[in-house]
Amino acid sequence: MVALTKDRNTSERAGDDVSHPIAANVVCFAGGMGAVNAAGNAVPASNTAGLKVVGRIQKHTDNTGGLAGALTVTMKRGVFQFGNSPTSPLTVSDIGGNAVVEDDATVAKAATNNIMAGKILNI
């Protein structure tokens, strides 16, 4: 591609809800933090190296016994209230900084793999 030399009508979509194929033998619980693994399959967010958080899981999706991609799960991007880690708690001084994943329901100041959960807007 080359740089623009005239106006362009660029396509747009809201991007609030995104669907991903779910990993093999995985259960995603509604309201939990969702991520994708290196293969691009959805999994519950966890302190596991290589995961990338996408958003909040919208609907309980059970792929127990299923192959990767047999089902899809929708995750919503946005601002959500997850639990604060009891072992590495966030405080008001962390507002504006980054939270990391402890598990699919909990964010922390620091964790072994420091998987980015998102920006801290409030405590």
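Which element gives the largest share of the lining of the largest pocket? The answer is S5, with 4 residues. The model is predicted, so local features need pLDDT of at least 70 and side-chain atom pairs count only at pLDDT 80 or more, while totals for chains, interfaces and linings use all residues. Residues are numbered from 1 along each chain as its sequence is written, and side-chain values use heavy atoms, with hydrogens and water left out.

The protein chain has 0 helices and 11 strands. Both kinds of element are DSSP runs numbered from the N terminus: helices are H or I with at least four residues, strands are E with at least two. From the N terminus on, the order reads β-β-β-β-β-β-β-β-β-β-β. The C-alpha atoms fill a box of roughly 55 × 45 × 25 Å along the principal axes. Buried residues make up 29% of the 123 residues. Buried means under 20% relative accessible area, exposed over 50%, and partly exposed in between, with a 1.4 Å probe and protein chains only. Among contacts (heavy atoms within 4.5 Å) between residues at least 6 apart in sequence, 49% join residues at least 24 apart.

The largest pocket has a volume of about 600 Å³. A pocket is defined on a 1 Å grid over the protein atoms alone, as an open set of points where a 1.4 Å probe fits, with protein on both sides within 12 Å along at least five of seven lines; lining residues have an atom within 4 Å of a point. Grid points are joined across faces, edges and corners, and the volume is the space filled by probe spheres set on the points. The lining of the largest pocket holds 23 residues. Phe 80, Gln 81, Phe 82, Val 107 and Lys 119 lie nearest the pocket centre. Strands S5 (52-57), S8 (83-84) and S11 (116-119) each give two or more residues to this lining. By class, the lining divides into 13 nonpolar, 7 polar and 3 charged residues. Here Ala, Val, Leu, Ile, Met, Phe, Trp, Tyr, Cys and Pro count as nonpolar, Asp, Glu, Lys and Arg as charged, and the others, Gly among them, as polar.

A search of the whole structure finds 1 aromatic pair. Phe 80 and Phe 82 form this pair, edge-to-face, at 6.3 Å centre to centre and 65° between the planes. Rings of Phe, Tyr and Trp (its six-membered ring) pair if their centres lie within 6.5 Å; planes under 30 degrees apart count as stacked, over 60 as edge-to-face and the rest as tilted. Phe 80 counts as partly exposed because its relative accessibility is 25%. Phe 82 is partly exposed, at 21%.

The largest nonpolar core has 20 residues. Such a core is a set of buried Ala, Val, Leu, Ile, Met, Phe, Trp, Tyr and Cys residues joined through side-chain atoms within 4.5 Å. Val 26, Cys 28, Val 43, Val 73 and Met 75 touch the most other members. Strands S3 (33-36), S4 (42-44), S7 (72-76) and S9 (98-103) each give two or more residues to this core. Not counting residues up to four places away in sequence, Val 43 touches Ala 23, Val 26, Cys 28, Gly 34, Ala 35, Asn 37 and Leu 51.

Asn 25 lies in the loop between S1 (17-21) and S2 (27-28). Its phi is near 55°, a positive value in a residue other than glycine. Asn 25 counts as exposed because its relative accessibility is 52%.
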